[in-house]
Each structure stands twice: as C-alpha cells, then as structure tokens.
Amino acid sequence: MLPSTLDELIEALRCLPGVGPKSAQRMAYHLLQRDQRGAGRLASALQKALVVLRHCERCNAFTESQVCQRCASSQRDASLLCVVEMPADLAMIEQTHAYDGLYYVLMGRISPLDGIGPRELKLDRLLARATDGVVREVILATNFTNEGEATAHTISELLNARGIRASRLSRGVPVGGELEHTDSGTIAQALFERRAL
Amino acid sequence: MSPKQRIDQQPAFILHSYPWRETSLIVEAFSRDHGRVALVAKGARRPLSALRGVLMAFQPLQLDWSGGGEVKTLIRAEWQGGQPLLTGRALLCGYYLNELLVRLSAREDAHPALYRAYATALAALARGLPIAPLLRRFELAMLRELGYGVGLEVDAESGEAVDPAGRYVYIIEKGPVSAPDYAGELPTLTGRSLLDMAADTFERPETLTQSRNLLRALINHYLHGHELQSRRVLKELQEL
Ligand SMILES: [Zn+2]
C-alpha cells in the first residue's frame, strides 16, 4: 500500500490531459526523488497562477489585470478582431508580424459529439465583444479541422446576422512547399478552392 | 474475430476520435464490411505524425487494423480523396449523421448497405445538395438497415394497402393506422407521404415535413431518451 499522501499526489497529477496512472506515478516519483526544487517551484507557480490569473475582459486570454496589455495598447488596430482557438494560436499569428489588430481567444472549439456547442464556448461573450461598435471585421483563424471549420461557420453565421463582416484565413499549399511533398488532402482542397489569376 | 486477425484496405470513415494517453487517439470508425470499430491510432497526436491529417471525419479512407479485443490497433490509414471538405451547415449535419451512427449502431455489426447510404449522404452534403431530403433518406435507410422495421405501405390495423388519399397516425413499433380525425401528439401523415417515403422520394414539402416528424419520433424512441448533442448545437445556433 502506498502512503495516502503519495496516492493523493498521483491521483492529482492524473487531471493533466493524456496522463494515465502509470505516467502520473512516474511524474510523482520524479518530482519527489529527483527534483524536489522543481516540485516546489511547480507548486508555488501553480498556486500563484490560480490566484493571480484570470481571463482578459476583452480577449479572453489569461492576464493578471482586468484588461491585458495587448487589448489596452493604442498601437493596435481595434477595428480588426482575430478569433483563435487557443493562446498558442495567438502566439503563432503574433510571430508573423503581419497582423496588428486585436484577438479573441475561444479557449476551445465547437465539437458537437463531445457536447461542446455555442453555450459551452460562451459565444455570447464573443458576440458582445465583436459588436462593441469599433470592430469592423472579424478574422476567423480557427484550425482547419472539421471542428475548427464548424466553429468558424457558427461564429460567422452569428456575426452576419448582426451585420459584422467575417473573413476566414485562406488555406492551401504551404509557402515554400513543393507539391511532391505536400499531403494529398491539402492539394485536393487547394484544387477545390483554386482562385482565378 | 480471432485474436490475430488483420483487416487490410477496408473502406471506412472516421465518426469520432478522442485523445488517448500522451500522443495517441482512439478513433471510432465506420467501415464497410465490419461496421463500427474502435481503433487506437498510436502516436497520431504527435506533431509530425503522418496519421494526423489523414484521420479526419467525413473523408473516405482506407484503413488497415489488427487485433481481437474491443479496441483494435490501427496500422495504416490512407486518404481516398475525391471529396471536398464539408463546410457550413452541411458540416454540422455531418456531425448529426455521425452521432446517429455512434449512438444507434452496435460495434462490429456489418451493414454494407448502411455504409453505402452514409457515403452517399456525405457525398451529397459535400456537393451542396439540398440538405433536408438527404437527411430524411439517410435516417430512413439507417433505421431499416439497423433492423427497426419501419412499416410504411400497409395499415397496421386493417392490413390494407395505405391509401394515398387517406390520413394516418403512426404508432411506433407497429406502423401507420388509418385515423382521419386524429389530433393528438403522435406523428400523423397522409397516405401520399407514407408512400413517398416508401419509394424514397422526398420532394413534396408535405412529405418532407411529415417524414421529418415521423423520423424524429422514431429516432428519439430508439435513443431511449438520450439527447443528441449535434441536434442541440444546431438548435442553440438558431437561438443565439
Ligand atoms: Zn486581452
């Protein structure tokens, strides 16, 4: 029998996505045996994050203040709102240096078979944000998966009904990509969606 | 199935998938000759996995798998192509078809005719054909293929052929019964609508409305009170 404190730690680690009993046990032993300092840092960082972090009122990303720095910045074009699924997607778009508008982070995607719909995604909050009178165009930068596509469609329907213009990232063969090394699904869709020159 | 059986190049569609362990996926596939099967796709969530872009719902695939347990091991998945990705409302309806199959079909029950009906419905959705008739056609084909007898042509009480000019009330697990003056909760249909359904002809507005009500009642009955999430999402979208 394991001591109950250890048991509790292993059980707690299982709340992480993709972590089963075996991995949780490995993590617990690692933290306690090999990296107690790391474990301490993890514990205090987690505790602090829970107290300090909240969702930005405007973009829904994590922030320490009511409105995050990006949303408060006057350097940003407030008439453009880019909708992404996760904070990592926002970071990718920022890296392009091709966009100076604002963001809204959904923190998820519509997935009907998992029971995630407009209500679970709190799309009413996004609608309120997009109809603030300043936003002129909403760019839907959700993933090119079925779920990302369903999310983009749902949001665009809701926005169109409110007279807000929605656009979608275009897709196709990657820049610098050679057809020979591109997957057939991407090439097929690029053919279906070809454009006139 | 024997423990080491291997299935090769089986035409299939992915109905649903969910994460499993750190890097893998469990996919619910609907295959032509083996019905609905659960497969573990090892490493499919790794960033460079070849399976990652292939295991997409609504696209015709060819799958190889092996194993005898409830969850088998996916060995290979090949994209068959030829069909644009679903978009818009058609995509949301695609989820509805998938949820119906996940909820109502039993694992490893072969239904080649249902597979064909599903593939036909998806192709029609991808081509942007009118949605209502193709949904009704699929729902009816599915109920019949799964063995839920849906009588349409014979009055279940009198045993007489349904009269196109007559009015019927539909009693689930029994069939249509002539009831010219019925005004209760059960689905009612004209004889003409019943015969249209029997002939797989979903063109008249009356047939579309009445068959929709009947098929919805039948599906709800066989779902035993389970709410379809895809239907709820469509409804919420209309309410927002
Ligand atoms: Zn913000």
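## Interface between chains B and A

In this predicted model, 29 residues of chain B are in contact with 31 residues of chain A. The two chains bury about 2500 Å² between them, and 66% of that area lies on carbon and sulfur atoms. Three residues, B:Y95, B:L237 and B:L240, supply 24% of the area that chain B buries against chain A, more than any other three residues.

## Polar pairs and contributing elements

Between chain B and chain A there are 2 salt bridges. One of them joins the side chains of B:R232 and A:E120, at 3.3 Å from N to O.

On the side of chain B that touches chain A, the elements giving two or more residues are β1 (6–20), α1 (88–104) and α6 (229–239) of chain B. The largest share, 8 residues, comes from α1(B). By residue class, this side of chain B divides into 15 nonpolar, 8 polar and 6 charged residues.

## Nonpolar cores

The largest nonpolar core holds 73 residues. Within this core, A:V138, B:L97, B:Y118, B:F138, B:M142 and B:I219 touch the most other members. Helix α1(B) gives this core its largest share, 10 residues.

Leaving out residues up to four places away in sequence, B:I219 touches B:Y96, B:L100, B:L104, B:E139, B:M142, B:L143, B:L228 and B:R231. Another core, of 20 residues, lies apart from the largest one; among its members are A:A188, B:V27, B:A44 and B:W65.

Definitions and conventions
Residues numbered from 1 in each chain as written. Chains lettered and ligands numbered in written order. Predicted model: local features only at pLDDT ≥ 70, side-chain atom pairs only at ≥ 80, totals over all residues. Heavy atoms only, no water. Contact = heavy atoms within 4.5 Å. Buried area = accessible area lost by both parts, 1.4 Å probe. Salt bridge = Lys/Arg side-chain N within 4 Å of Asp/Glu carboxyl O. Helix = DSSP H or I, 4+ residues; strand = E, 2+ residues; numbered from the N terminus. Nonpolar A, V, L, I, M, F, W, Y, C, P; charged D, E, K, R; others polar. Core = buried A, V, L, I, M, F, W, Y, C linked by side-chain atoms within 4.5 Å. Buried < 20%, exposed > 50% of the residue type's maximum accessible area, 1.4 Å probe, protein only.
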